[in-house]
Amino acid sequence: MKSFNGRVAAITGAASGMGRALALALAREGCHLALADKNLQGLEHTRALIEESGLPPVRITTQMLDVADRQAMQDWAARCMAEHGQVNLVFNNAGVALSSTVEGVDYADLEWIVGINFWGVVHGTKAFLPYLKASGEGHVINTSSVFGLFAQPGMSGYNASKFAVRGFTEALRQELDLQRCGVSATCVHPGGIRTDICRSSRIDANMTGFLIHSEQQARADFEKLFITDADQAATVILHGVRKNKRRVLIGRDAYALDLLARCLPAAYQALVVFASKRMAPKPRTPVFETNDESRL
């Protein structure tokens, strides 16, 4: 797909971050938009930004949506088809983060993150794939993460969901290549992107004193890792779609960690453990008070 003009794109997580940036970038190219998010206020703000930008008018529909809800996703896909007449691209972009130890993580939190990060991608792919094929020219773009290539302690649920997206999308791409049906797929692996994911993330209390000093400091440190602007990320993703790339890395941090995992596929874990020990909270040395005066 070399041009997005006149095409129709469905985007989840469109209320902020990369989803909003993708919507704006596609609108600039004359692409019609079906936007979805749980945050209805943010979703309408995205619509307003596009409509007030002075760009050539495109058709925009919005839907408040929980991507973890399979039936809701199927209903939205059918609505997109009915309202737009076709769907050419689906960006399964919605995602959340979770920090916890494996031993201490609550099953409900694991179900929450897997429901959004992995099942949301599965639901979006399966709901829209028949419509993409019917269009004669389509593309599935699934957002994994650099942590779908490289694991880290305290993020087992996030790593698991993003590794799953990678495996699912790579298998999908191979099937589509074999079918020669006019539809393709790309897996996106962003590094630190300046989005709202930090504010929506969950940090379990078991991380305090283990890998972080406090939740507040952890969020502040996490945001320092966001080195790539969402607009830059959208540009890279759309370039990858035009080039029909199987994998898209975003940010120099993503390239660095991908290289490390390729060069040291097992040994990199020891390096991560070493670095984590250096950054982890240090146990405090007890201070004993005494009334004795120092003597010469």
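**Briefing: a parallel sheet and its packing**

Let's start with one side chain's surroundings: Asp-258 touches Leu-149, Arg-247 and Leu-249, not counting residues up to four places away in sequence, where contact means heavy atoms within 4.5 Å. Please keep in mind that this is a predicted model, in which local features need pLDDT of at least 70 and side-chain atom pairs count only at pLDDT 80 or more, while totals for chains, interfaces and linings use all residues. Residues are numbered from 1 along each chain as its sequence is written, and side-chain values use heavy atoms, with hydrogens and water left out.

- Asp-258 sits in helix 10; helices (H or I, at least four residues) and strands (E, at least two) are DSSP runs, numbered from the N terminus.
- Asp-258 has a relative accessible area of 8% and is therefore buried; buried means under 20%, exposed over 50% and partly exposed in between, with a 1.4 Å probe and protein chains only.
- Ser-184 belongs to strand 7 and is buried too, at a relative accessible area of 8%.
- The Ser-184 side chain makes a polar contact with the side chain of Arg-173 at 3.3 Å. Such a contact is a pair of N or O atoms within 3.5 Å; within protein, one must be able to donate a hydrogen and the other to accept it, and residues adjacent in sequence count only if both atoms are side-chain atoms.
- Neighbours within four places in sequence aside, Ser-184 is in contact with Gly-138, His-139, Val-140, Arg-173, Leu-176 and Asn-244.

- An open sheet is built from 7 strands in the order 3-2-1-4-6-7-9, with parallel pairing; two strands pair if DSSP finds at least two bridges between them.
- Strand 3 (60-64) and strand 9 (247-250) are the edges, each pairing on one side only.
- From one strand to the next, the twist averages 15°.
- Helix 6 packs on the sheet and touches strand 6 (138-143), strand 7 and strand 9; its direction makes about 155° with that of strand 7. Here axes are lines fitted to C-alpha atoms, for helices over the stretch in contact, and angles run from 0 to 180 degrees between N-to-C directions.

**Around strand 2**

- 5 of the 6 residues of strand 2 are buried, so this strand is largely enclosed by the rest of the structure.
- Strand 1 (residues 8-12) pairs with strand 2 in parallel over 5 bridges, and Ala-10 has Ala-34 of strand 2 as its bridge partner.
- From strand 1, the chain passes through helix 1 (residues 17-28) to strand 2 in a right-handed β-α-β crossover: with the strands pointing away from the viewer, the path from the first strand over the helix to the second runs clockwise.
- Strand 2 and strand 3 also run parallel, joined by 5 bridges; Ala-34 stands opposite Thr-61, and Asp-37 opposite Met-64.

**Nonpolar cores**

- The largest nonpolar core has 39 residues, and those with the most contacts inside it are Ala-10, Met-73, Trp-76, Phe-128, Leu-129, Leu-132 and Val-140. A core is a set of buried Ala, Val, Leu, Ile, Met, Phe, Trp, Tyr and Cys residues joined through side-chain atoms within 4.5 Å.
- Elements giving two or more residues to this core include strand 2 (32-37), helix 3 (70-84), helix 5 (119-135) and helix 10 (252-263).
- Another core, of 33 residues, lies apart from it, with Ala-9, Phe-91, Ile-141 and Val-241 among its members.
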